[in-house]
Amino acid sequence: LIPALAVTAVAFFGAIAWTIVVSFTESRRFPDFTIAADRWTRNYQRLFGDPNWIISLQNVLILAIGSALAILFGFVLAAMIEREQRAEGFFRTVFLYPLAVSLIVTGLVWRWMFNPGLGIENFLHSLGWESANFNWLADRRTAMYGIILASIWHGLGFYMALMLAGLKSINTEIWSAARLDGVSFWRLYVVVIIPMMKFTFLTCAILLSLGVVKTYDIVLAMTGGGPGTSTWTPAYFVINAYSTRGNIGYASAAAVIMLLLTAAIFLPLVLLTAWRSRRSEAQVT
Amino acid sequence: MSVGADEIRAARATPRVARRRRRRVRGSTIANLVFLTMCAAFVSIPLYVVVVTSFKTMEQITLGQIFTLPTTWTLAPWWRAWAEVCAGMTCEGVRNGFFTSLKILFPSLFLSIGLSCVTGYALAHWNVRWANHFLFVLFLCAFVPFQIIMIPLVVLVASLGIYGTIWAMALVHAILAMPLLTLIFRNAYKDIPPEIINAAIMDSGSFWAIFFRVVLPMSGNIMIVVLILMITTVWNDLLVGLTFGGIGSQPMTVILANTVISQFGPAEYNVDMAAALLTAIPPLVVYFALGRFFVQGITAGAIKG
């Protein structure tokens with residue numbers, strides 16, 4: 001038990017504290033622990049004056065909204081698979097396999113699909129759809145959508161699996177009760193099933209947003225942050241500030257903001273689980 | 001539509017045997033299956049394209065027919081990707097990365113599973129003070145983005161003198177995985193009835209004796225789940241390899257990224273795709289071989305974490 005405690009203390013708490021402290025210093029290539037009393041927020045001021053950082057934040061928002069489609073589709077697919085029960089194993093296997101593929105490979109594969117001369121675009125052109133534009137990654141405005149598509153591809157099966165687990169845990173009596181009451185198919189899903197699964201949805205949403213905040217691999221593989229800096233994400237920004245610019249203080253400041261973002265997403269989950277366990281205790285007594 | 005749905009729901013409510021007997025396929029069922037198949041196609045197309053591309057010759061690729069089968073199947077791209085393609089300065093293909101990834105995999109599996117399995121066992125069955133608080137803290141740690149603790153870890157690892165080696169990466173993987181794995185193990189061991197443990201204590205079993213004789217033999221299932229989880233995360237990781245790997249000790253994903261992204265000369269898409277496939281194959285094999293456990297693993301990682 002002691003090693004685990006030590007790891008937690010040093011590698012997590014120590015490291016977070018270290019990052020926070022360094023973010024207030026003027027460290028460049030090597031850490032420097034003196035905090036200039038009058039200029040300790042300098043890194044943060046610079047950060048929010050940096051257009052690339054603003055782009056990163058915007059991108060994370062776009063990515064979150066776009067990837068939310070994965071949850072939606074995941075639910076639809078799970079509902080269909082669950083209703084059908086035919087070939088459930090087959091579909092589950094097919095939808096889930098992208099998850100076993102690393103994000104870097106995912107990115108490369110989709111980069112190849114988006115290749116203007118030789119990829120999908122060319123295929124559509126050869127079918128006679130001459131105006132089809134599938135060269136998303138080369139355009140600042142659409143590059144993010146390309147990344148969203150690839151991350152949906154990667155994550156779809158995961159959310160489907162979670163939703164399927166959620167659907168399976170719903171009592172089968174609900175279905176027959178609904179049938180006796182003559183509730184229509186759509187109303188059953190909208191009014192009964194979705195509210196029953198709100199915890200599953202919330203879990204998915206939180207996991208999704210945590211994943212989005214961390215997005216790095218796929219950006220590197222698909223666009224390398226480009227064109228220009230249009231597909232930077234905070235994670236990409238942190239690593240870039242650290243390894244390319246060699247500015248530890250600046251990178252730490254960006255990392256601290258990432259931590260705050262994570263905490264903002266995460267806190268509701270913590271409160272929710274606390275509330276849930278208290279409620280279940282109350283039910284027992 | 002609504003009638004069909006009702007029928008299906010009726011079928012669901014009655015046991016499966018009754019369902020089997022009714023073999024008439026309904027319109028909504030067909031619509032469902034068609035939609036599912038279309039989605040399955042969307043998911044499968046990239047894999048198909050990659051496999052096909054990796055067997056094509058460059059002449060055929062430049063014709064631009066991405067979906068057609070290779071006219072002449074060739075293994076040359078695979079060989080080039082494995083042994084000849086250039087990543088930055090060195091031109092030895094991705095094979096070094098493959099072996100490095102393997103070398104990283106085993107120590108990190110050993111370290112992380114050893115550590116978290118004992119900790120999970122201790123937390124589940126021995127009266128540890130502040131156990132619940134510690135669990136809560138672990139729960140928080142499991143969600144800290146790696147970038148936040150990355151730079152201090154670099155400093156820490158460098159001060160240990162192992163920066164840029166395989167051990168650095170194994171250690172970092174073990175640290176990162178520790179909170180989540182401990183939670184998973186703890187939840188799994190909680191299901192072992194306390195009577196068994198108590199009986200073992202009566203038999204004058206010590207902490208370690210009970211662990212090795214009673215708990216470990218009972219944890220085969222959860223072990224497989226955790227193994228799969230760890231193998232896929234360690235193998236697929238890019239960031240740790242990128243920040244902690246030195247020259248000559250970069251894992252496969254990093255080599256792949258270097259190969260494809262910083263390419264000199266004309267792009268060889270077939271070689272790129274073969275390299276990508278080589279990197280993706282090990283986790284895919286694990287997935288298709290042990291799919292059931294894989295699903296368990298990721299849902300355990302998600303919900304219980």
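Is Thr259(B) buried or exposed? Thr259(B) is buried, with a relative accessible area of 1%, where buried means under 20% relative accessible area, exposed over 50% and partly exposed in between (1.4 Å probe, protein chains only). The model is predicted: local features need pLDDT of at least 70, side-chain atom pairs count only at pLDDT 80 or more, and totals for chains, interfaces and linings use all residues. Residues are numbered from 1 along each chain as its sequence is written, chains are lettered from A and ligands numbered from 1 in the order in which they are written, and side-chain values use heavy atoms, with hydrogens and water left out.

**Chain A overall**

- Chain A has 13 helices and zero strands; helices (H or I, at least four residues) and strands (E, at least two) are DSSP runs, numbered from the N terminus.
- The pattern of chain A along the sequence is α-α-α-α-α-α-α-α-α-α-α-α-α.
- Chain A has 285 residues, and 54% of them count as buried.
- Of the contacts in chain A between residues at least 6 apart in sequence, 70% join residues at least 24 apart; contact means heavy atoms within 4.5 Å.

**Chain B overall**

- Chain B has 16 helices and zero strands.
- Chain B has 305 residues, of which 53% count as buried.
- In chain B, 69% of the contacts between residues at least 6 apart in sequence join residues at least 24 apart.
- The accessible surface of chain B is about 13,900 Å², with 68% belonging to carbon and sulfur atoms.

**Interface of chains A and B**

- The size of an interface is often given as the accessible area lost when the parts come together.
- Chain A and chain B bury about 8,100 Å² between them, and 78% of this lies on carbon and sulfur atoms; buried area is the accessible area (1.4 Å probe) that two parts lose on being put together, summed over both.
- The contact involves 82 residues from chain A and 89 residues from chain B.

**Helix H2 of chain A**

- Helix H2 of chain A covers residues 42-49, and Asn43(A), Tyr44(A) and Leu47(A) are buried in it.
- Seen down the axis of H2(A), the buried residues fall within an arc of 95°, so they line one face of the helix; the arc is that of the directions from the helix axis to the C-beta atoms.
- Gln45(A) and Gly49(A) are exposed on the other side of H2(A).
- An α-helix has 3.6 residues a turn, so residues three or four places apart point the same way.

- Phe73(A) belongs to helix H3 (residues 51-84) of chain A.
- Phe73(A) counts as partly exposed because its relative accessibility is 38%.
- Together with Leu69(A) and Leu72(A), Phe73(A) forms a nonpolar patch on the surface, with about 270 Å² of accessible area in total.
- Patches are made of residues with over 30% relative accessible area and no salt bridge: like charges are joined within 9 Å, nonpolar side chains (Val, Leu, Ile, Met, Phe, Trp, Tyr) within 5 Å.
- Phe73(A) and Ile152(A) are 79 residues apart in sequence, with their C-alpha atoms 9.3 Å apart in space.

**Gly146(A) in helix H7**

- Gly146(A) is placed in helix H7 (residues 143-168) of chain A.
- With a relative accessibility of 0%, Gly146(A) counts as buried.
- From C-alpha to C-alpha, Gly146(A) and Trp110(A) are 8.1 Å apart, and in sequence they are 36 residues apart.

**Helix H14 of chain B**

- Helix H14 of chain B spans residues 252-261 and includes Ile255(B); Thr259(B) also lies in H14 of chain B.
- Ile255(B) is buried, its relative accessible area being 11%.
- Ile255(B) and Ala131(B) are 124 residues apart along the chain, and their C-alpha atoms are separated by 42 Å.
- Thr259(B) and Val271(B) are 12 residues apart along the chain, with 9.8 Å between their C-alpha atoms.

Technical notes
Areas by Shrake-Rupley, 256 points an atom, 1.4 Å probe, with all protein chains shown as cover. Salt bridge = Lys/Arg side-chain N within 4 Å of Asp/Glu carboxyl O.
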